[in-house]
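Please have the sequence and the model at hand while reading.

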Amino acid sequence: MMMSLRNPLARVRGLGSAKSGVEHWWVQRLTAVILVPLVLWFAISLISVAHADYATMKSWVGQPFNAALLVALLVTMFYHAKLGLQVVIEDYVHGEMIKLASLLAMNFVVIIAGATAVISVLKIAFGG
């Protein structure tokens with residue numbers, strides 16, 4: 001048995017902060033809980049306008065309450081997806097450069113897709 005002369009702090013350096021992992025876990029759970037009523041509202045709303053034409057759907061999205069909930073759904077959904085994908089990449093991609101490139105690419109795609117979705121809803125809501 002080999003005895004280490006390093007103190008406990010030196011042994012854990014470079015392994016990450018316990019605080020950020022717990023915060024990440026809580027935020028992921030919080031976004032999941034927020035998504036439950038938003039997805040239920042969205043599903044019920046889509047069923048209620050299932051056979052609507054384009055003009056009816058445009059006016060439905062244009063209502064302030066619906067537009068606000070759609071934006072909340074999109075922002076929460078894309079943020080939740082980002083958190084989940086980050087965990088998958090950090091856990092299963094082992095090369096540091098590939099991990100960094102994957103995280104950067106994932107963040108870029110999620111931000112672009114989320115911004116495009118939110119802008120689309122706002123454009124419809126404001127009569128574009």
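Helix H5 has 30 residues, which at 1.5 Å a residue should span 44 Å; its end C-alpha atoms lie 43 Å apart, so the two values agree. The model described here is predicted.

**Helix H5**

- The buried residues of H5 include Lys-99, Leu-103, Met-106 and Val-110.
- Also buried in H5 are Gly-114, Ala-117, Val-118 and Val-121.
- In an α-helix there are 3.6 residues a turn, so residues three or four places apart point the same way.
- Among the elements that cover the buried residues of H5 are helix H3 (54-62) and helix H4.
- Just after H5, Gly-127 adopts a positive phi of about 80°.

**Contact of H4 with H5**

- Two packed helices are described by the angle between their axes and the distance between the axes.
- The axes of H4 (residues 64-92) and H5 (residues 96-125) come within 10 Å and cross at roughly 175°.
- Because angles over 145 degrees count as roughly antiparallel, H4 is roughly antiparallel to H5.
- The residues of this contact comprise 17 nonpolar, four polar and three charged.

**Ser-45 in helix H2**

- Ser-45 belongs to helix H2, which covers residues 18-48.
- Ser-45 counts as buried because its relative accessibility is 9%, and buried means under 20%.
- A polar atom of the Ser-45 side chain lies 2.8 Å from the backbone oxygen of Trp-41.

Technical notes
Residues numbered from 1 in each chain as written. Predicted model: local features only at pLDDT ≥ 70, side-chain atom pairs only at ≥ 80, totals over all residues. Heavy atoms only, no water. Helix = DSSP H or I, 4+ residues; strand = E, 2+ residues; numbered from the N terminus. Buried < 20%, exposed > 50% of the residue type's maximum accessible area, 1.4 Å probe, protein only. Polar contact = N/O pair within 3.5 Å; in protein donor to acceptor, adjacent residues only side chain to side chain. Axes fitted to C-alpha atoms, helices over the stretch in contact; angles between N-to-C directions. Parallel < 35°, antiparallel > 145°, perpendicular 65-115°, else oblique. Nonpolar A, V, L, I, M, F, W, Y, C, P; charged D, E, K, R; others polar. Expected span 1.5 Å × (residues − 1). Contact = heavy atoms within 4.5 Å.
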